[in-house]
Amino acid sequence: IDEMDKELPPLKNFILPSGGVESAALHLARTVCRRAERSVVGLVRSGAADAPAQRFLNRLSDFLFVAARYCCAKKGHVERVYQKAE
């Protein structure tokens with residue numbers, strides 16, 4: 001994650017899933033991962049799952065986000081910045 005992140009411009013705004021098919025697929029995978037992470041929170045609290053499972057999903061989500069940005073940059077695409085509605 002850190003090696004890919006070093007090659008990316010720093011984030012100054014929220015970005016929208018964009019950047020070509022590959023990057024969009026990684027952003028989609030991240031949303032699924034985040035959904036799983038939110039589901040695991042309750043399981044960890046109830047004792048049905050161990051805390052490392054939640055940490056793993058959180059780190060996987062971080063990886064998928066950086067990988068999507070990295071893929072976007074390597075393909076020469078521009079990340080779409082979130083614009084607040086007026």
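## Packing of α2 and α3

The axes of helix α2 (residues 21-46) and helix α3 come within 8 Å and cross at roughly 165°; axes here are lines fitted to C-alpha atoms, over the stretch in contact for helices, with angles from 0 to 180 degrees between N-to-C directions. Because angles over 145 degrees count as roughly antiparallel, α2 is roughly antiparallel to α3. By class, 17 nonpolar, five polar and four charged residues make up the contact of α2 with α3. Ala, Val, Leu, Ile, Met, Phe, Trp, Tyr, Cys and Pro are counted as nonpolar, Asp, Glu, Lys and Arg as charged, and the others, Gly among them, as polar.

The crossing of α2 past α3 is left-handed, that is, the near helix is turned anticlockwise from the far one by less than a right angle.

## Model and overall fold

This is a predicted model, in which local features need pLDDT of at least 70 and side-chain atom pairs count only at pLDDT 80 or more, while totals for chains, interfaces and linings use all residues. Residues are numbered from 1 along each chain as its sequence is written, and side-chain values use heavy atoms, with hydrogens and water left out.

The protein has three helices and two strands, in the order α-β-α-α-β along the sequence. Helices (H or I, at least four residues) and strands (E, at least two) are DSSP runs, numbered from the N terminus. Taken along the principal axes, the C-alpha atoms fill a box of roughly 45 × 35 × 25 Å.

## Largest pocket

The largest pocket has a volume of about 180 Å³. Its lining has 13 residues, of which Pro9, Leu11, Ile15, Arg69 and Glu79 are the closest to the pocket centre. A pocket is an open set of points on a 1 Å grid where a 1.4 Å probe fits, with protein on both sides within 12 Å along at least five of seven lines; lining residues have an atom within 4 Å of a point. The volume is the space filled by probe spheres set on the points, which are joined across faces, edges and corners.

Helix α3 (residues 51-74) gives the most to this lining, with three residues. By class, the lining has eight nonpolar, two polar and three charged residues.

## Salt bridges

The count comes to six salt bridges, each a side-chain nitrogen of Lys or Arg within 4 Å of a carboxyl oxygen of Asp or Glu. In one of them, the side chains of lysine 6 and glutamate 3 meet at 3.1 Å, N to O. Both residues lie in helix α1 (residues 2-6), three residues apart, about one turn of the helix.

Note on methods. Angles under 35 degrees count as roughly parallel, over 145 as roughly antiparallel, 65 to 115 as roughly perpendicular and the rest as oblique.
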